[in-house]
Amino acid sequence: MKINAFADVSLRAMMVLAAAPDGELLTTQSIADAVGTPYNHVSKAMARLRELGLIDVERGRLGGARLSAAGRVATVGQLLRQLDTRTDPADCVGSAGTCPLIAECRLRGALARAREAFYRELDGLVVASLPTERQMAPVFQTIGLRPEL
């Protein structure tokens with residue numbers, strides 16, 4: 001299975017926030033720099049993560065974002081389910097119309113079950129447990145932050 005680009009950026013942003021020192025606020029720009037993704041993409045991901053209650057945001061000159069209590073326990077499977085915008089796992093209904101085989105299709109259901117099995121496998125993996133010190137040290141050096149992990 002492949003996750004969409006929006007989910008990928010969102011997961012990376014969550015990992016950076018998870019590795020930040022307790023209480024440290026990170027700006028969207030610093031997260032964008034840390035994950036090597038354009039600001040606009042990260043900004044949209046941050047807005048969605050906030051809507052989902054996974055991050056807390058403080059506005060203002062000294063503001064930024066941090067993981068919320070819910071964000072600290074969110075699993076990869078849970079997050080991917082919430083960020084998956086594809087309603088049809090096989091594009092059976094698309095801009096070109098409906099697949100002529102859809103009426104009796106057993107593949108569509110099997111693909112939906114496979115996608116759910118993929119998410120279920122990731123339900124045991126907490127996003128906040130993913131970043132390691134060795135992984136994050138160069139990332140935080142890039143943005144001028146050296147947390148104690």
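How many helices and strands does the chain have? There are 7 helices and 4 strands, where helices are DSSP runs of H or I with at least four residues, strands are E runs of at least two, and both are numbered from the N terminus. This is a predicted model, so local features need pLDDT of at least 70 and side-chain atom pairs count only at pLDDT 80 or more, while totals for chains, interfaces and linings use all residues. Residues are numbered from 1 along each chain as its sequence is written, and side-chain values use heavy atoms, with hydrogens and water left out.

**View 1. The whole chain, end to end.**
The C-alpha trace spans about 55 × 30 × 25 Å along its principal axes. Out of 149 residues, 36% count as buried. Here buried means under 20% relative accessible area, exposed means over 50%, and partly exposed is in between (1.4 Å probe, protein chains only).

Helix α1 takes in residues 5-19, 15 residues in all. From first C-alpha to last it reaches 21 Å, close to the 21 Å expected at 1.5 Å a residue; the expected span is 1.5 Å times one less than the number of residues. Because 11 of its 15 residues are buried, α1 is largely enclosed by the rest of the structure. Among those buried residues are Val 9, Leu 11, Met 14 and Leu 17. Look at the start of the helix, too: a side-chain oxygen of Asn 4 comes to within 3.3 Å of the backbone nitrogen of Phe 6. That is a polar contact, meaning a pair of N or O atoms within 3.5 Å; within protein, one must be able to donate a hydrogen and the other to accept it, and residues adjacent in sequence count only if both atoms are side-chain atoms.

**View 2. Two residues of helix α2.**
Ser 30 sits in helix α2, residues 28-35. Its side chain reaches the backbone oxygen of Thr 27 at 2.8 Å. Ser 30 counts as buried because its relative accessibility is 13%. The C-alpha atoms of Asp 33 and Pro 138 are 12 Å apart, with 105 residues separating them along the chain.

**View 3. The largest pocket.**
About 280 Å³ of space lies in this pocket. Of the 15 residues that line it, Thr 28, Met 46, Val 57, Arg 59 and Gly 64 are the closest to its centre. The elements that give two or more residues to the lining are α3 (39-51), β1 (55-58) and β2 (64-67). Helix α3 gives the most, with 5 residues. On a 1 Å grid over the protein atoms alone, a pocket is an open set of points with protein on both sides within 12 Å along at least five of seven lines, while a cavity is a set where a 1.4 Å probe fits but cannot get out; lining residues have an atom within 4 Å of a point. Grid points are joined across faces, edges and corners, and a volume is the space filled by probe spheres set on the points.

**View 4. The cavity and the residues around it.**
The structure holds 1 cavity of 30 Å³ or more, and about 70 Å³ of space lies in the largest cavity. Its lining includes Met 1, Ile 3, Ala 7, Leu 83, Phe 118 and Tyr 119. Helices α5 (76-83) and α6 (107-122) are the elements that give two or more residues to this lining.

**View 5. An aromatic pair.**
Search the whole structure and 1 aromatic pair turns up. Phe 118 and Tyr 119 form this tilted pair, 5.8 Å centre to centre with 50 degrees between the planes. Rings of Phe, Tyr and Trp (its six-membered ring) pair if their centres lie within 6.5 Å; planes under 30 degrees apart count as stacked, over 60 as edge-to-face and the rest as tilted. Phe 118 counts as partly exposed at 23% relative accessibility, whereas Tyr 119 is buried at 6% relative accessible area.

**View 6. Arg 66 in strand β2.**
Arg 66 is found in strand β2. With a relative accessible area of 23%, Arg 66 is partly exposed. Arg 66 and Val 9 lie 57 residues apart in sequence and 16 Å apart in space, C-alpha to C-alpha.
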